[in-house]
Amino acid sequence: QSLARKRTSYLSYQALRSSIIVLQSRQRYFKTISSIIQIQSLYRMFTARKHYRTEVDSVILLQSLARKRTSYLSYQALRSSIIVLQSRQRYFKTISSIIQ
């Protein structure tokens, strides 16, 4: 009878031990999966931020080029107007000096 109790107690201990080992291995598995998911999430966040920053930099560059072009065109218009005014002023100055 003592051997039977010893055997049943040993079998219950082995069952408990194997279930604990299974639970621990599942915990390790889920912890590993959780770590992998965390790494993937961080990588996706990094690539998304990098892509967003590239897009923002591209938009800023385009806006800068557009502003540069408009300011250059307004400068050229002003410059040509000033050149016309100066040439007319010189023309009238020479005419007035000829008349006198």
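## Burial and overall shape

Of the 100 residues of the chain, what percentage count as buried? The figure is 0%, where buried means under 20% relative accessible area, exposed means over 50%, and partly exposed is in between (1.4 Å probe, protein chains only). Keep in mind that this is a predicted model: local features need pLDDT of at least 70, side-chain atom pairs count only at pLDDT 80 or more, and totals for chains, interfaces and linings use all residues. Residues are numbered from 1 along each chain as its sequence is written, and side-chain values use heavy atoms, leaving out hydrogens and water.

The chain has 1 helix and 0 strands. Its radius of gyration is 43 Å, well over the 13 Å the globule rule gives for 100 residues, so the chain is more spread out than a compact globule. (That radius is taken over C-alpha atoms, and the rule is 2.2 Å times the number of residues to the power 0.38.) The C-alpha trace spans about 145 × 10 × 5 Å along its principal axes.

## One salt bridge

Side chains of opposite charge can pair when their charged atoms come close. Here the count is 1 salt bridge, meaning a side-chain nitrogen of Lys or Arg within 4 Å of a carboxyl oxygen of Asp or Glu.

The partners are Arg-53 and Asp-57, with their closest N and O atoms 3.0 Å apart. Both sit in helix 1, 4 residues apart, or about one turn of the helix; helices are DSSP runs (H or I, at least four residues) and strands are too (E, at least two), numbered from the N terminus. Arg-53 is partly exposed at 45% relative accessibility, and Asp-57 is partly exposed at 38%.
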